[in-house]
Amino acid sequence: MPTPTLVLLPGMDGTGELFAPFLDAAEGQFKVQVVRYPTHLALGYAELLGLVRSALPVDEPYVILGESFSGPIAIWLAAEHHHHLKGVVLCSTFARNPRPALARIRHALAYVPFVWLPSIAMASLLLGTFGTAALRRALAQAVAQVSSAVLRQRLRAVLAVDVSVQLRSAQVPCLYLQASQDRLVPESAVAYIRSVLPEVEVVKIHAPHGLLQAAPAQAVGFLSSFIVKCEHYCNAL
């Protein structure tokens, strides 16, 4: 059986462009496919799930990585028992709203002017003290491509999501890449995933929420081992 392809599902910007540092680090290690979301079409999780399904490899094994916003999509796919899906990676993400206190302002999101949010503030949340000039610039450029309506829809989706039932049904190896300096997804979100799926392997990396951007080499190392593990797991079935 060929080595599984790593299918990357992007964070809230959905452009896939922020994977660039990771793709550079992963070159020659394993095959990678990036799924990209529409930048001017406000879709919820259900619609994006259909988009991702249509983009998955059809005749080769693969492992899905759901980054941040896309974690629930990766979990949902794991519950669907796709024949060629050999493992799931959750990166800086959640199975349900990681900030329950924000749910009460869900309907006020229509008035949030995302285009006016300072890039410095976004970089602080996503990159913290790990933000280089190049990473901050890449973040600003990626977010600038996405309409405010799309960003609002995706944030509303996060505040309403709960894929606990699907997580409990996952039957493939699961790895969680946890950022030790995550300012967006709290420790409680990881603890909840472990309570629902005790067999999940959790690896903590010294990094901000943008783990794949700030610590790509470390992530590639752990993912290389996990992909081999998935390969052996499937061969043993």
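These legends describe close-up views of one predicted model. Local features need pLDDT of at least 70, side-chain atom pairs count only at pLDDT 80 or more, and totals for chains, interfaces and linings use all residues. Residues are numbered from 1 along each chain as its sequence is written, and side-chain values use heavy atoms, leaving out hydrogens and water.

**View A. Six strands form an open, parallel sheet.** The order is E2-E1-E3-E4-E5-E6. Strands E2 (32-34) and E6 (201-208) are the edges, and each pairs on one side only. Strands (E, at least two residues) and helices (H or I, at least four) are DSSP runs, numbered from the N terminus. Two strands pair if DSSP finds at least two bridges between them.

**View B. Strand E3 (residues 62-67) pairs with strand E4 (residues 85-91).** The pairing is parallel and has six bridges. Glycine 66 stands opposite leucine 90 in E4.

**View C. Serine 164 lies in helix H7 (residues 164-169).** Serine 164 counts as buried because its relative accessibility is 7%. Buried means under 20% relative accessible area, exposed over 50%, partly exposed in between (1.4 Å probe, protein chains only). Leaving aside neighbours within four places in sequence, serine 164 is in contact with Ala95, Tyr192 and Val196. Contact means heavy atoms within 4.5 Å.

**View D. Helix H5 (residues 133-144) has buried residues on one side.** They are Leu135, Leu139, Ala142 and Val143. These four residues cover an arc of only 95° around the axis, so they sit on the same side of H5. The arc is that of the directions from the helix axis to the C-beta atoms.

Key. Expected span 1.5 Å × (residues − 1).
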